[in-house]
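Morning, everyone. Please bring up the sequence and the structure on your screens. I'll talk you through the fold.

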Amino acid sequence: MSATIVIADDHPLMLRGLSDFITSKGFDIIGSAEDGQTAYNLIVKLKPDLALLDIRMPKMTGLEVAEACFKNELDTKVILITFDNEEHLFDKARACNVYGYILKEFAVEEIETCIAHTLKGEHYFSQEMASYLNAKVTYSSSTLTELLTPTEIKVVKLLSEKLTSTEIAEQLMCSPRTIEKHRSNIVKKLDLKKSHNELMLWANMNKDIINDATI
């Protein structure tokens, strides 16, 4: 069964082009909208696997839709498609646990890859934005070993595998509260933002470095 998708863009030609392209790749578009409020209503009603949204739309922006999905714990994974490469918008998107952030000039090359990653529960960002994220906090595996304790490295490795704090606690035979304390310490040591999921995002985008770190 193909993934179900809701798409939204306030430009009819862009919406039609996006719909045709995604459909040609075998995905099932079950709803489309030209404003954010309608898009959010469709997401709530239809419960699609993914929602591909333009950031700048009337009534609700794509970011506001993503934030509403996040706050209301909806299962739909959000991908934002935009001309905006402004870093503050990218930071807001990550804070709302947006799974994909694609710049429109690269959409044709990246959208299929982004959808594939998102369906596996992995985050995907246009290379330009991913470079910005990595430029902010970049460490070698040896530096990571020096900065973090062996237990903290285990926690980061398990986070990169998409485990929750409760699941990590079970594996390491400790309490979820202890894992949350480890996560807080790791965020401080790596100089990451304290926003929700920042450490999870960093771990997901630095798997190779994390896996090479010795315990």
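Look at strand 3 and strand 4: they run parallel, and five bridges join them. Strands here are DSSP runs (E, at least two residues) and helices are too (H or I, at least four), numbered from the N terminus. Two strands count as a pair if DSSP finds at least two bridges between them.

Before going on, two notes. This is a predicted model, where local features need pLDDT of at least 70 and side-chain atom pairs pLDDT 80 or more, while totals for chains, interfaces and linings use all residues. Residues are numbered from 1 along each chain as its sequence is written, and side-chain values use heavy atoms, leaving out hydrogens and water.

Now zoom in on Leu52. Leu52 is found in strand 3. Its bridge partner in strand 4 is Ile79. Is Leu52 buried or exposed? Leu52 counts as buried, because its relative accessibility is 0%. The cut-offs, with a 1.4 Å probe and protein chains only: buried is under 20% relative accessible area, exposed is over 50%, and partly exposed is in between.

Which residues does Leu52 touch, leaving aside neighbours within four places in sequence? Among them are Ile5, Val6, Leu18, Ile81 and Ile115. Contact means heavy atoms within 4.5 Å. Take Val6: Leu52 and Val6 are 46 residues apart in sequence, yet 6.3 Å apart in space, C-alpha to C-alpha.

Six strands form an open sheet, with parallel pairing, in the order 2-1-3-4-5-6. Strand 2 (28–33) and strand 6 (124–125) stand at the edges, each with a single partner strand, so one side of each has no neighbour in the sheet. Strand 5 and strand 6 pair in the parallel sense over two bridges. There, Tyr101 has Phe125 in strand 6 as its bridge partner. Helix 3 packs on the sheet and touches strand 3 and strand 4. Its direction makes about 170° with that of strand 4. Those angles run from 0 to 180 degrees between N-to-C directions, with axes fitted to C-alpha atoms, for helices over the stretch in contact.

Next, the inside. A nonpolar core is a set of buried Ala, Val, Leu, Ile, Met, Phe, Trp, Tyr and Cys residues joined through side-chain atoms within 4.5 Å. The largest one has 28 residues. Those with the most contacts inside it are Leu53, Val65, Val78, Leu80, Val98 and Tyr101. Helix 3 gives the largest share, five residues.

In strand 4, five of the six residues are buried. In helix 11 (residues 198–205), seven of eight are. Trp202 is one of those buried in helix 11.

One side-chain detail. Lys77 lies over the face of Tyr99, 5.5 Å from the ring centre. The rule: NZ of Lys or CZ of Arg within 6 Å of the ring centre and within 35 degrees of the ring normal.

Last, the whole chain. The protein chain has twelve helices and six strands. Of its 215 residues, 49% count as buried. Among contacts with a separation of 6 or more, 65% join residues 24 or more positions apart.
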